[in-house]
Amino acid sequence: MSKTSAEQSGESPEALLSQVALGNRAAFEALYRATADRLFGICLRVLRDRAEAEEVLQEVFTAVWRKAAQYDPRQGSVMSWLGITTRNRAIDRLRTRPARASLGALEAAAEVADAGTSPAEEAEASSERERLSRCLEELEPRRRSLIRDAFFGGLTYEELATRVQAPLGSVKSWVRRGLLQLRACLEP
Amino acid sequence: MSARMPPPDEEDSRGSEPPDDDVLAGELALGVLGAHARRAAQMRREQDPAFAAQVGAWERRLAPWLAAVAPARVPDYLWERLCRELGWRPAPAAPSLWSSLVLWRSAAALAAVAAIALWLARPPAPPAPPTAAVPSAPEPAAKPVTTLAHGDGTPGWLASVDRTRGTVLMVPVPAPADSRGRVPELWIIPAGQAPRSLGAVSINKAHTVEVPPDARAALAAPGSVLAITLEPASGIPHAAPSGPVIAKGAITT
């Protein structure tokens with residue numbers, strides 16, 4: 001039986017964040033202990049560089065402390081909000097790298113497969129992910145792999161085009177069609 | 001289907017046309033835009049609520065994948081670095097407090113039980129009016145340790161009061177979390193006055209609690225008590241306790 005730290009401490013990320021918004025440092029530390037490993041995993045996956053991943057994680061939590069009150073439950077669960085924020089910042093960081101440096105990401109993307117199920121996963125997140133995976137399976141294989149590589153490897157259109165050795169316009173078109181198909185499948 | 005060279009998007013004209021807003025929102029969320037286009041889309045997100053909502057919807061569609069990313073162990077020094085970044089003093093080491101655990105065992109705490117029970121049996125009282133009392137001359141180093149004991153006399157928390165700074169260092173004796181999801185809330189109860197919340201406390205980490213300036217006088221006043229009750233997580237700090245007392249102790253003077 002594996003449990004997340006949040007479960008062990010009996011406080012949900014939602015409860016903790018609402019206390020963080022009131023300036024409660026203990027809640028902030030508990031939230032950090034409960035979520036940092038997962039968010040660090042996201043930083044590492046996108047950036048493939050520990051020092052940069054650490055800096056981005058620190059940025060994320062600094063922002064969480066200062067802007068906790070801006071969280072809106074309509075944006076989804078706290079865990080998913082934290083994950084999205086983390087990934088966005090990691091990709092921002094990736095985009096500040098010189099173009100050549102991101103070539104490493106091309107190779108990294110090659111080894112990107114669907115990660116195994118995280119033991120810490122909540123049942124709800126897992127059913128949502130099954131739905132997303134099912135919709136992705138309905139895509140044409142090329143569109144599917146482009147979207148997955150873009151998501152997990154943080155690749156741009158240009159990088160994707162280089163990687164699959166296809167014209168930029170075609171890659172854009174495949175990804176866009178894939179996104180539209182995905183949207184239609186997720187929200188019939 | 002062909003991948004002939006220019007025009008590269010020959011097989012599908014949509015590849016070169018500006019995408020509609022929702023597709024652009026999806027591209028921003030997916031992260032495929034290059035640095036320049038990404039910045040432009042992010043600026044638009046900040047200024048255009050409708051577009052921002054579309055980006056948010058795409059982020060939520062893709063978010064379930066994030067749960068599949070394997071966690072990675074964060075190095076311990078990162079927490080300290082984060083505290084420095086936020087301008088916090090790193091938490092003092094706990095051992096000296098732990099060693100005084102035996103010394104300060106339940107005696108003082110038990111003495112306070114009656115006082116607390118009295119207060120918690122009362123209907124919730126409005127918060128005490130702020131008192132303007134501020135210690136005029138900061139005391140030197142004395143930092144008495146108070147044991148907050150459970151009903152059976154076993155220690156639940158150790159509290160080290162720093163009157164000069166107006167803080168209380170709370171060191172929990174690790175215990176299981178409340179099965180109903182309530183969280184421990186710390187109260188200071190000046191003799192003869194209503195409890196006043198000092199916020200939530202951790203059940204497994206030492207941390208410092210800042211006492212509001214108008215409640216600091218109670219830290220040095222004779223007969224003041226620290227108590228911990230189990231409360232709903234939302235709404236902390238509460239105006240008055242509503243849950244059971246799980247630990248308490250008189251501040252040692």
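1. In this predicted model, the hairpin that joins strand 1 of chain B to strand 2 of chain B has 5 residues between the strands, and within it B:G153 adopts a positive phi near 90°. The two strands, strand 1 covering residues 145–149, pair in the antiparallel sense over 5 bridges, and B:T146 has B:A159 of strand 2 as its bridge partner.

2. Strand 2 of chain B also pairs with strand 3 of chain B (residues 167–172), again in the antiparallel sense, over 6 bridges. Here B:A159 stands opposite B:M170 of strand 3, and the hairpin of these two strands leaves 4 residues between them, with B:G166 in the turn showing a positive phi of about 70°. Strand 2 of chain B, residues 155–162, is mostly covered, since 7 of its 8 residues are buried.

3. Turning to chain A, helix 8 (residues 141–153) has 13 residues, which at 1.5 Å a residue should span 18 Å, and the distance of 17 Å between its end C-alpha atoms agrees with this. Its buried residues include A:R143, A:D149, A:F151 and A:F152, and the helix is followed by A:G154, which has a positive phi near 65°.

4. As for the interface, 58 residues of chain B are in contact with 68 residues of chain A. On the chain B side, two or more residues each come from helix 1 (21–30), helix 2 (35–47), helix 3 (49–62), helix 4 (77–85) and strand 5 (196–200) of chain B. The residues on this side of chain B comprise 33 nonpolar, 12 polar and 13 charged.

Conventions: Residues are numbered from 1 along each chain as its sequence is written. Chains are lettered from A and ligands numbered from 1 in the order in which they are written. This is a predicted model: local features need pLDDT of at least 70, side-chain atom pairs count only at pLDDT 80 or more; totals for chains, interfaces and linings use all residues. Two residues are in contact if their C-beta atoms, placed from the backbone, lie within 7 Å. Ala, Val, Leu, Ile, Met, Phe, Trp, Tyr, Cys and Pro count as nonpolar, Asp, Glu, Lys and Arg as charged, and the others, Gly among them, as polar. The expected span of a helix is 1.5 Å times one less than its number of residues. A residue is buried if 20 or more other C-beta atoms lie within 10 Å of its own, exposed if 12 or fewer, and partly exposed in between; C-beta atoms are placed from the backbone. Two strands pair if DSSP finds at least two bridges between them.
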